[in-house]
Amino acid sequence: MIRSLWLAALLCLAPGALAGPPALAPHEGDFVVHDFKFQSGETLSDLRLHYTTLGKPRRDAAGRTTNAILILHGTGGDGHQFLRPQFADVLFAADGLLDPARYLIVLPDGIGHGKSSKPSDGMHAHFPHYNYDDMVRAQYLLVTQGLHINHLRLVMGTSMGCMHSFVWGETYPAFVSALMPLACLPVQIAGRNRMWRKMTLDAIRNDPEWAGGEYKKEPVAGLRTAADLLMIAGAAPLAMQKADPTRDAVDAYVEQTENRYLSTLDANDLLYQVDASRDYDPSHNLSAIVAPVMWVNSADDFINPPELGIAEQEVTKIPRGKFVLVPISDQTHGHGTHTWAAVWKDRLEELLKESE
């Protein structure tokens with residue numbers, strides 16, 4: 001059960017996932033963009049963009065790519081998280097909605113994540129300060145110049161990837177046939193959502209061991225506080241109460257999860273990942289999105305609480321937008337519901353039919 005933003009990225013790929021013909025097996029690669037200029041004005045001479053693909057491209061008589069699906073991960077994750085059973089076994093299975101025998105699936109690692117260029121590669125706090133617009137532009141270059149795809153059948157994203165989906169729809173409206181944002185809001189990061197993010201940033205920066213980003217060993221105190229905040233942000237009340245119904249069970253979970261975070265997290269990488277949302281706000285240009293949008297949130301999402309009513313307000317700005325709130329149940333997992341495809345696959349099927 002996914003109970004935090006980053007937990008999926010910390011688990012191992014289940015043995016046997018996506019076993020099948022070699023042509024449908026995951027393929028990994030890297031695309032390098034030279035002299036990539038960030039919105040901050042900083043430049044990186046060689047920006048490495050890692051990706052995983054499944055399936056092969058198809059083109060119509062005019063040479064237009066007809067079957068490419070771009071799926072975008074959340075903060076702290078990478079493209080591999082979509083190969084886990086709760087996602088892949090539902091959508092990528094033979095005759096599934098996104099069967100790689102019919103579709104080309106593209107799973108990129110965003111800037112600062114996975115095997116793409118990131119601060120921990122060596123630049124530390126001198127790494128360019130990327131934002132979501134930079135990340136989406138890099139994804140576009142990967143798709144068009146790296147993979148030679150000239151149209152996307154679908155852009156789907158979870159959490160941060162959900163927010164990237166809205167940026168995609170506004171920035172490249174004619175390039176995408178359909179959008180499926182999962183677990184986000186298309187407004188400035190504010191309120192409680194900004195609060196836990198700022199606390200995370202402050203915990204790292206205020207740890208003397210961080211040393212302005214030039215630490216020799218990880219600033220454990222700052223990272224431990226950050227890990228605690230991530231656990232709270234990703235928590236699902238009903239699911240957690242059932243999974244950890246006693247004090248001792250909760251205490252053990254907290255200790256185990258903290259230790260897991262501390263064994264994998266890099267302070268600079270995490271700081272940059274969380275800070276990348278600082279100027280995100282697509283709310284003023286949602287009317288520019290021309291593709292059908294199937295936007296799905298979960299009612300037990302701490303990060304995007306439904307009682308704010310923001311989604312119902314903002315979806316009216318999207319010409320072909322539809323918002324669905326999944327009610328709390330034994331099948332929902334808080335913010336992490338975005339990765340449990342069985343919960344919302346019927347909505348994906350509806351979107352694919354609508355956008356044919």
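The model is a predicted one, where local features need pLDDT of at least 70 and side-chain atom pairs count only at pLDDT 80 or more, while totals for chains, interfaces and linings use all residues. Residues are numbered from 1 along each chain as its sequence is written, and side-chain values use heavy atoms, with hydrogens and water left out.

Starting with the overall build, the protein has 11 helices and eight strands, both being DSSP runs numbered from the N terminus (helices: H or I, at least four residues; strands: E, at least two). Its radius of gyration is 19 Å, close to the 21 Å that the globule rule gives for 356 residues, so the protein is as compact as a globular protein of that length. That radius is taken over C-alpha atoms, and the rule is 2.2 Å times the number of residues to the power 0.38. Laid along the principal axes, the C-alpha atoms fill a box of roughly 60 × 50 × 45 Å. Of the 356 residues, 56% count as buried, meaning under 20% relative accessible area, as against exposed at over 50% and partly exposed in between (1.4 Å probe, protein chains only). Take the contacts (heavy atoms within 4.5 Å) between residues at least 6 apart in sequence: 79% of them join residues at least 24 apart. As for charge, the mean positions of the 31 positive and 42 negative charges lie 3 Å apart. Lys and Arg count as positive and Asp and Glu as negative, with His and the chain ends not counted; each charge is placed at NZ of Lys, CZ of Arg, CG of Asp or CD of Glu.

Two helices are worth a look. H3 (132–146) has 15 residues and reaches 20 Å from its first C-alpha to its last, close to the 21 Å expected at 1.5 Å a residue; the expected span is 1.5 Å times one less than the number of residues. Its buried residues are Tyr132, Asp134, Met135, Val136, Ala138, Gln139, Leu141, Leu142, Val143 and Thr144. Their cover includes S1, strand S2 (43–54), S3, S4, helix H4 (160–171) and H5. An α-helix has 3.6 residues a turn, so residues three or four places apart point the same way.

Ile69 sits in strand S3 (residues 68–72) and is buried, at a relative accessible area of 0%. Leaving aside neighbours within four places in sequence, Ile69 touches Leu98, Tyr103, Leu104, Ile105, Val106, Arg153 and Leu154. Ile69 and Leu152 are 83 residues apart in sequence, yet their C-alpha atoms are 6.0 Å apart. Ser298, in strand S7 (residues 293–298), is buried too, at 4%. Not counting residues up to four places away, Ser298 is in contact with Leu325, Val326, Thr332, Gly334 and Thr337. From Ser298 to Leu325 is 27 residues in sequence and 5.5 Å in space, C-alpha to C-alpha.

Asp95 is another story: this residue lies in the loop between helix H2 (85–91) and strand S4 (104–108) and counts as exposed, at 74% relative accessibility. Asp95 and Tyr130 are 35 residues apart in sequence and 38 Å apart in space, C-alpha to C-alpha.

Backbone angles come last. Most residues other than glycine have a negative phi. Asp35, in strand S1 (residues 27–37), has a positive phi of about 55 degrees although it is not a glycine, and is exposed, with a relative accessible area of 55%. His148 likewise has a positive phi of about 55 degrees. His148 lies in the loop between helix H3 and strand S5 (154–158) and is exposed at 53%.
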